[in-house]
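Subject: Structure handover and notes

Hello,

Please find the structure below, followed by notes on what was found in it.

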Amino acid sequence: MLEKALQGSRSYWGWVAFLAGLILLGFIAYMRQFAVGLGVTGLSRDVTWGLYIAQFTFLVGVAASAVMVVLPYYLHNYKLFGKITILGEFLAISAVTMCMLFIFVDMGQPTRVLNVMLYPTPNSLMFWDMISLSGYLGLNALISHVTLDAERKGIAPPHWIKPIIILSIPWAVSIHTVTAFLYSGLAARPFWMTAILAPRFLASAFSAGPALLILFCLILRRFTKFDAGREPIQRLAVIVTYAMAINVFFVLMEVFTAIYSGIPEHIEHFEFLYLGLEGKATLVPWMWASAILSVIALVLLINPKTRGNERTLVAACIAVFTALWIEKGLGLIIAGFVPSPMGAVTSYSPSIPEVLIAVGIYAIGIFLITVFYKIALSVRGEVKV
Amino acid sequence: MHDGGKILTGLAVFLVLALLPFWHNAVGGTAAAPQPKIVTQEKECVAPRETIRSTHMELLNTWRDTVVREGTRTYMDARGKTVNMSLTNTCLSCHPNKKEFCDACHNYLAVSPYCWQCHVEKKESA
Amino acid sequence: MERERRALLKLAGLTVVGLAGGALARTVEASSKHAAKPGTKRLAMVIDPRKCLEKDGCTDCIGACHAAHNVPAIDDPRREVKWIWKEKFSGAFPDQEAEYVDEALTSKPVLVFCNHCDNPPCVRVCPTQATWRRDDGIVMMDWHRCIGCRYCVAGCPYGSRSFNWVDPRPFLKSPTPDFPTRTKGVVEKCTFCDERIGKGQQPACVEACKEKALVFGDLNDPDSAVRQTLRARFALRRKAGLGTRPAIHYLV
């Protein structure tokens, strides 16, 4: 099937070349980090995780969100999602690949990373994260390959794949739960040590992921013959609406508990995010932008008129995705380290090599999505060869 | 199938590239094996010469794990003598010429053990 | 061969036993931890802040430790590596408000380093067992195995761990051959001078302190100096409420 990705229009190749350029830049930046060490990043003794781990966390959510199309289609027999389940699964594969790359580039000793398997340590959540992420990658690779292959041959997918698809549903929930447990089990970091972290992760995942999928469907309709249809997109929009509302609700619950209980070490992190601490306020404009975008998104989504109008729906989806990217892909991880357990407030902003590496990994992910979607649509004859 | 020519050219290019090390040696000749001068303060080593030659890296790995992970620092060697398990303070005390003793062969074999990224070489007295 | 086979069995066993087994083992281990096994040591330290503050600006212990362990002197606080250092009182004891105590006491820094907890969160999170708790209570580091994920840094409630953001060698003027340096990309911290204790010596910081402000010994021995000191005087431990049970005691 891979040959379908090797034939395409000029604009397809132009796009691939552009992504390849970004990947190359990221690779060069990584070579420098490999030689010099993580000192090329903006990280520090107090803020030891930053952009990379935050992107990993955010993308685990995007990966898990595939379940939002797989579940209605396979468990509730919601046939209208039939056309887009494969898009969800391919999105999951790309997102998990990006997650693994982000973990890899965060390692101080990348050549030793297989020690995690050589000395398996079940009491470390990182061990379980490795298992759940690689398992999820394997499941989705198998499922998408088998179902797409059946579609190409014009036959029904084999029966044995059904239980594997059903297994991928709880597995999707597990990847984001385990990822939340990485943080929420640490007594040293009061900002993360909250039982609602895993539910909050799931809610944000199930809004950001489907929002992205809606955008992909609309982009595909514009540039290819693929049309997901109005009804499935509207149904996805309803899912985004509920998940986003629940996510905002969860965040407000966190804010209430921290502020009303009055425990300084819980309040300080929120202060750092929304007001700034000791004059350090790098994240404040970002966090308020995220809050405002969340409100705009909710208004546009809850109102049936604006949700039904595709122009405003696009705006709402972009708002959801951006708001959650800021919340999870910037604020959540960094604020866990500020203030430090000793009360030190340290600014963090990613360095240029760090940003280039992150952009390179995103380019790899988008490249994979491009190739996968190209294959899927070519198989269905929905794109001109 | 009209691609015979392309396939054969591709194969030829592959063979040239994959066997590059052999071509290199065939044209330029092989490098001579080093003959390191072994400086030794003691008469006998912790293990017979042949064992050390073939498996010194395994012995060092065992020493490393025993010292760091089990907290045992002494080793009863083949002579029945007890030595301190230390690369810098035992091995390199007896053989102070690291450049000859370690590097000559490692360089020849193009292996770069990362021991010396952390373990400090003593100043060469020789 | 035997080594490989053992490693393989361990791998298979651990994978099968899984989380449930791990969690159960930890609970059982934790519950038995308080009852000392006969013949085992529980190494600990008692710090007398008054004696420590006798000589203003004294850094004897810090100098001795950092020289003995090739700890690099990096000026940039963001890249800094430290095993033992002076922390402001509110940083070392954020849950001990002492508003009305003589300011001479709380305005002075407190000596801090790894607490060698009974129940160390860093060990719990390490994915490769590169850090682990020895039977005598030392929380050890294996710099050969550390992959530099910095999960332990996130897990430590005391900020005791430093990461090597760059190669530390250029920051060492004359490294001692008696102790390795570290490579870039690994986490390091105080190891209670395991290399000296193994030879029957006291930790370097204890030996360097002329005021005898640091007392080191075995908590399981009722006649040890640490037990005698703790019997007579009240002592604090950092963030005791977290249940980590630090082995470093600060006399009040």
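Across the interface of domain 1 of chain A and domain 2 of chain A, the rule finds 4 residue pairs in polar contact, both residues being at pLDDT 80 or more. A polar contact is a pair of N or O atoms within 3.5 Å; within protein, one must be able to donate a hydrogen and the other to accept it, and residues adjacent in sequence count only if both atoms are side-chain atoms. The pLDDT is the predictor's confidence in each residue, from 0 to 100.

Some conventions before the rest. This is a predicted model, in which local features need pLDDT of at least 70 and side-chain atom pairs count only at pLDDT 80 or more, while totals for chains, interfaces and linings use all residues. Residues are numbered from 1 along each chain as its sequence is written, chains are lettered from A and ligands numbered from 1 in the order in which they are written, and side-chain values use heavy atoms, with hydrogens and water left out.

Domains of chain A

The domain assignment (bounds from an automatic or database assignment) gives domain 1 of chain A as 1–184 + 350–385 and domain 2 as 189–200 + 230–346. Their C-alpha centres lie 23 Å apart. Contact (heavy atoms within 4.5 Å) involves 27 residues of domain 1 of chain A and 22 residues of domain 2 of chain A.

On the domain 1 side, helix 2 (51–64), helix 3 (67–75) and helix 7 of chain A each give two or more residues, and helix 2 of chain A gives the most, with 8 residues. Helices are DSSP runs (H or I, at least four residues), as are strands (E, at least two), numbered from the N terminus. The domains bury about 2,100 Å² between them, 76% of it on carbon and sulfur atoms. Of the area that domain 1 of chain A buries there, A:D46, A:F58 and A:Y183 supply 28%, more than any other three residues. Buried area is the accessible area (1.4 Å probe) that two parts lose on being put together, summed over both.

Chain A against chain C

This contact takes 41 residues from chain A and 54 residues from chain C. The two chains bury about 4,000 Å² between them, 57% of it on carbon and sulfur atoms. In chain A, the residues that lose the most area to chain C are A:R45, A:R112 and A:M342, together 21% of what that side buries. One salt bridge is found across the interface: C:R150 pairs with A:D106, the closest N and O atoms being 2.7 Å apart. Helix 5 of chain A gives the most to the chain A side, with 4 residues.

Salt bridges and confidence

Over all chains the count comes to 25 salt bridges. In one of them, A:E151 and A:R380, the closest N and O atoms are 2.5 Å apart. A:E151 lies in helix 6 of chain A and A:R380 in the segment after helix 14 (352–379) of chain A, so the pair ties together parts that are 229 residues apart in sequence.

Chain B has a mean pLDDT of 86, with 96% of its residues at 70 or more. Chain C averages 87, and 85% of its residues score at least 70. Over residues 30–34 of chain C, pLDDT stays under 50. Where pLDDT is low, the predicted coordinates should not be read in detail.

Regards

Methods
A salt bridge is a side-chain nitrogen of Lys or Arg within 4 Å of a carboxyl oxygen of Asp or Glu.
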